Amino acid sequence: MNHDRDTDDFWNAISRIEVSVKNSQDDIRKLYLHSARQEIAIESPNEKIDANQQESRLMFARIEKRFDEHDKRFDKIEDSLTIIVNHL
């Protein structure tokens, strides 16, 4: 009878180990899925930020070009005024 008890204890220990390993695997799987969801959640805003940054750069480039054009116009006006003042 003692021999059966040892065998039962052995199989009970193995059963507890199997349950523990399965629980660990489930926890690892949950952690992986959570991590994957977090990565996906982070990628979407990053893509939007990148698109907004690119759009902002283009908009600022257009604004800078318009300022340059206005600077040239003001320089021409200033030159014309200088000519008029010198003529007077």
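**Exercise 1.** Find how exposed Arg29 is, then work out which residues it is linked to through salt bridges.

*Solution.* 
Step 1. Arg29 has a relative accessible area of 48%, so it counts as partly exposed (buried is under 20%, exposed over 50%, partly exposed in between, with a 1.4 Å probe and protein chains only).

Step 2. Look for a partner: the side chain of Arg29 meets that of Asp26 in a salt bridge, at 3.0 Å from N to O (a side-chain nitrogen of Lys or Arg within 4 Å of a carboxyl oxygen of Asp or Glu). Through shared partners, salt bridges join Arg29, Asp26 and Lys22 into one network.

Step 3. Before going on, note that this is a predicted model, where local features need pLDDT of at least 70, side-chain atom pairs count only at pLDDT 80 or more, and totals for chains, interfaces and linings use all residues. Residues are numbered from 1 along each chain as its sequence is written, and side-chain values use heavy atoms, leaving out hydrogens and water.

**Exercise 2.** Which salt bridge does Lys22 form, and how many residues apart are the partners?

*Solution.* 
Step 1. Lys22 pairs with Asp26 at 3.2 Å, N to O.

Step 2. The two sit 4 residues apart in helix α1, so about one helical turn separates them (helices, H or I, at least four residues, and strands, E, at least two, are DSSP runs numbered from the N terminus).
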